[in-house]
Amino acid sequence: MENSVVTDRVSATRPVPEVLQLGDRRLRVRSHAVPDPTAPAVKSLIDRLVAIAQARSGVGIAAPQIAFPQRLFVVTSRPNDRYPDAPTMAPTALINPRITGWSEAEQFGWEGCLSVPGWRGRIRRAIHIEVAYTDRQGRAQQRVFSDFIARIIQHEHDHLNGMLFLDRVKHTQQLMSDADYWAQHR
């Protein structure tokens, strides 16, 4: 099945798709706008993304990570094995998101990615961002996000543009294996 456009209903009975891994060229493609944010297939895709992120202890995941090059991602922040200090935020879908503003103030933080397992990168991101997007119900939203949630959104937004956190690493000292990260941060 071609996943370039969400047109067919994504069955909840299908097995959870694999998350594309570093090296898969589909992670490097700029995504297309979701033409009908209220389509049943989009709602089904959102449900699958939430299920995958939660099953894999992620705090967010973008549609391109499961081979749907659509401008859609979910934020599912909550404390888990990979991010024990994550704030809790109800699963939220951002469809056709645009970052419309960001603070000049930036902060370094360690990021991981379901598409780059076993590694973390220390990445500089804006502390506050303003985002325009369509929500799951098809309503236009304009919200300001801060701190860790803003970091998640910037990370997932990069996926929509064919970027990985590794593209933002400036020096090898900003990379660390998960094992080394946990040895230093527990």
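What pLDDT does the protein average? The answer is 92, and 91% of the residues score at least 70; pLDDT is the predictor's confidence in each residue, from 0 to 100. Over residues 1-14, though, the pLDDT is below 50, and this stretch has 29 contacts in the model beyond near neighbours in sequence (contact means heavy atoms within 4.5 Å).

## Ground rules

This is a predicted model: local features need pLDDT of at least 70, side-chain atom pairs count only at pLDDT 80 or more, and totals for chains, interfaces and linings use all residues. Residues are numbered from 1 along each chain as its sequence is written, and side-chain values use heavy atoms, with hydrogens and water left out.

## Helix 2

Take a look at residues 147-160, which form helix 2. (Helices are DSSP runs of H or I with at least four residues, strands are runs of E with at least two, and both are numbered from the N terminus.) Helix 2 has 14 residues and reaches 21 Å from its first C-alpha to its last, close to the expected 20 Å, which is 1.5 Å times one less than its number of residues.

Twelve of those 14 residues are buried, so helix 2 is largely enclosed by the rest of the structure. Buried means under 20% relative accessible area, with exposed over 50% and partly exposed in between (1.4 Å probe, protein chains only). Among the buried ones are I149, R151, H155 and L160. After the helix comes G162, with a positive phi near 75 degrees.

## D135 in its loop

D135 sits in the loop between strand 6 (128-134) and strand 7 (140-146). At 7% relative accessibility, D135 is buried. Leaving aside neighbours within four places in sequence, D135 is in contact with A93, I95 and Q141.
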